[in-house]
Amino acid sequence: MFTEIATTRDGRDITQPWVRGLREAKDPKLAMAVDWGAYDVVFNDDQVFSTMQQRIGAVIAKDWNVIAGDDDDARAEKAAEAFDDTLKALPWDRITRKMLMATFYGYSVAELMWGHREGLIDLVGIKVRHARRFRFDDEDRLRMLTPLNMQGEIMPARKFWVHAVGAADDDQPYGHGLAHWLYWPTLFKRNGIRFWNIFLDKFGTPTAKGTYPRGASKDEQAKLLTALQAIATDSGFIVPEGVVVELLGAARSGTADFEVLCRYMDAAIAKIVLSQTMTTDNGSSRSQGEVHADVRDDVVKTDADDLTDSFTQQVARWWTDLNFGPDVPAPIVRRMVEEEEDTAQTAQTDKVHGENGWVRTEDSFRDTYGEGFVRRGAEGDPGGTTEEQRKRVDAERPAKPAPKTSVTRAANDDPKIAKAASFAAEDDRHDDADDIVDRMIAEDGYRVATSLTGNLIDQLLAADSETQARAILAEALGMMDEAPLIQALARAGFAVQLDAATQAATVVTE
């Protein structure tokens, strides 16, 4: 239970030969190659290079940060802060780009350059090496091959970072790169282009045919052949009398067949590298392109997560052991590849929830929308507190020019109308219902609201739970004095009636 049983190095693995010395890659295309062999030719394909740049570049374009291996461990937090300083001193994006070539070849190897910084045993450099210089032996030790030792020199522990991806199981230490699947599409594409060029050479310029008479000497035949060969470069040529020269034109046009083949292979390459085609090809609709872009984003996230796991388990773990101890969780270097949240859509959702009585806590609000927000009217509001805003509105309210009025008695000379008209003339600020309402809100609204709520808002904000907030509201409702509100409403109603009565008997002239 506590020991490894299904080992692969002792001849018990029926899928692999007995391993003695170096473990070789299972890919037969690399069996006899010192370097990457045929896979370097595959990488020279334009579509392969373009799609690999797109895949790797999408990872590099994402920001990265260092987080603690355990948020509840103060030592892990301290280690993460120190490791963040370490990586900021390194060209981390460039290192990441090179290590991600493991996606293509199967594995990458980087040498760790250790040094000292501010009392730490720190990384002063990470140099990515050619992975084929290294092999694993039958004890899973990393060896470096040299011209004098093709069995390899054993490398010291915690000196090299090996990033292997793509293998279907853990029995393949060299991974399984995309080059394995790209080999055949690129081969067919190269041959298709070669045959296409032959077709163009053969039928783009007609083949010259020369007929010589029977009994012609070898020298005469040679002269005729030289004349025919000159057609390829010369615009004219001469032949002896009696010699017939013909041009063989193309019997058919077949350029489309070769073009279709090349396009098909390009699409196959894009599918292998990006798992889709519409971010590389023309002619796709926007909706289809967005769907395929989501597929590519999933691939990019997988690449970023694989590199994070590899780096954390090896380099970050070793660095933490040397500086903080083996019991401290290692820092995690993570690329932020998650799609950014649409805050406009989130705000609309919050509005709907708010209409149903549910609101975000302050912490949830800041986590969603970020820093830089304060409640309107609270301390820190650029517009000032609620009381300051009310005073500023009163001070800035423009005074309306006093209109000149002349009163014309109604036909019935009603004394009530006359009294109302004279009252309106004395107080020209209340010449219409809108102004009356505005005045009531400015002068009475804040006072009435304060008398009703008191410090209710402050108590609700200080509540620890929904239950406590409900209790505060229930108590406040029973103690509120509604008399000021009734008086204010009565004053407003009287003012509106008064204004309506004076409108019939007052003529306003400028």
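## Exercises on a predicted model

The protein chain has 17 helices and 13 strands. The model is predicted.

**Exercise 1.** Decide whether D122 is buried or exposed, and find which residue's side chain joins it in a polar contact.

*Solution.* 
- Locate the residue. D122 sits in strand β4, residues 120-129.
- Check its cover. The relative accessible area of D122 is 1%.
- Apply the cut-off. Buried means under 20% relative accessible area, so D122 is buried.
- Look for a polar partner. The side chains of D122 and T86 are joined by a polar contact of 2.8 Å.
- Beyond four places in sequence, D122 is in contact with T86, M113, W114, G115, H116, R117 and W319.

**Exercise 2.** Find how many residues of α2 are buried, and which residue caps its N-terminal end.

*Solution.* 
- Count. Eleven of the 15 residues in α2 are buried, so the helix is mostly covered.
- Name some. Among them are Q47, V48, T51 and M52.
- Inspect the N-terminal end. D45 is the cap: one of its side-chain oxygens lies 2.9 Å from the backbone nitrogen of Q47.
- Of the 510 residues in the protein chain, 33% are buried.

Technical notes. Residues are numbered from 1 along each chain as its sequence is written. This is a predicted model: local features need pLDDT of at least 70, side-chain atom pairs count only at pLDDT 80 or more; totals for chains, interfaces and linings use all residues. Side-chain values use heavy atoms; hydrogens and water are left out. Helices (H or I, at least four residues) and strands (E, at least two) are DSSP runs, numbered from the N terminus. Buried means under 20% relative accessible area, exposed over 50%, partly exposed in between (1.4 Å probe, protein chains only). A polar contact is a pair of N or O atoms within 3.5 Å; within protein, one must be able to donate a hydrogen and the other to accept it, and residues adjacent in sequence count only if both atoms are side-chain atoms. Contact means heavy atoms within 4.5 Å.
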